[in-house]
Amino acid sequence: MVLDILEYPDSRLRKIASPVAAVTADIRKLVADMAETMYTAPGVGLAATQVNVHKRVLVIDVSEARNDLRVFINPEIVAAEGEAECEEGCLSVPGYYDKVIRAAEITVRAQNEHGEMFELSTDGMLAVCIQHEMDHLIGKVFVDYLSPLKRARLSARLRKKQRLAG
Ligand code: NI
């Protein structure tokens, strides 16, 4: 089932997600719905926060063929190194892209949809995407990293868009 995606500056994007106590059938259904929502949008990642479910669950697929779904339940970054600047976008901020500096290499520990713990060390787009999606779980949106001037311009643009939408 395709879920509705909250759009910035919706205050529900600011909620802090709770850890998943057990990876139940309900969580697997959430994962399946989030994956469908991400692929339909289309996007490379989605956090449960963005579909107004405040649990520590992410889905990501940065592959070109769109056949490499990765599920992160209760993700924690256990190591981070270096800096990389990358242009980011977000399904909750449609049509806006900007550069953000993040750790270049990370090691993340999480559970998969079967509740199994795994550890992944990665860099490049996957590392950026994991950090971006994990921010959503603590109520953070990538535009929070922009300068006050850029954020003011974005807000003006969104207000205009909302006026046009009536
Ligand atoms: Ni996002």
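The nickel ion is held by three protein donors, Cys90 (SG), His132 (NE2) and His136 (NE2), at 2.1 to 2.2 Å. Donors are N, O and S atoms within 2.8 Å of the metal (3.2 Å for Na, K and Ca), and because water is not among the atoms, sites may look incomplete. The model is predicted: local features need pLDDT of at least 70 and side-chain atom pairs count only at pLDDT 80 or more, whereas totals for chains, interfaces and linings use all residues. Residues are numbered from 1 along each chain as its sequence is written, and side-chain values use heavy atoms, with hydrogens and water left out.

Along the chain, the donors of the nickel ion follow the spacing C-x41-H-x3-H. Cysteine 90 in strand S4 (residues 84-90) and histidine 136 in helix H2 (residues 124-137) link distant parts of the chain, being 46 residues apart. Helices (H or I, at least four residues) and strands (E, at least two) are DSSP runs, numbered from the N terminus. Both cysteine 90 and histidine 136 are buried; buried means under 20% relative accessible area, exposed over 50%, and partly exposed in between (1.4 Å probe, protein chains only). For cysteine 90 the relative accessible area is 9%.

Of the 14 residues of H2, 12 are buried, so the helix is largely enclosed by the rest of the structure. Just after H2, glycine 139 takes a positive phi of about 75°.

A disulfide is a pair of cysteine sulfur atoms within 2.5 Å, and the count by this rule is 0. The sulfur of cysteine 86 has its closest cysteine sulfur in cysteine 129, at 9.4 Å, which is too far for a bond. Cysteine 86 is partly exposed, with a relative accessible area of 25%.

Two strands pair if DSSP finds at least two bridges between them. Strand S2 (residues 57-60) runs antiparallel to strand S3 (residues 70-81), joined by 4 bridges, and valine 59 stands opposite valine 71 in S3. S3 also pairs in the antiparallel sense with strand S6 (residues 105-111), over 6 bridges. There, alanine 79 stands opposite threonine 107 in S6.

Threonine 37 lies in helix H1 (residues 25-40) and is buried, with a relative accessible area of 2%. Not counting residues up to four places away in sequence, threonine 37 touches Met1, Val2, Leu3, Ile5, Leu46 and Val51, where contact means heavy atoms within 4.5 Å.
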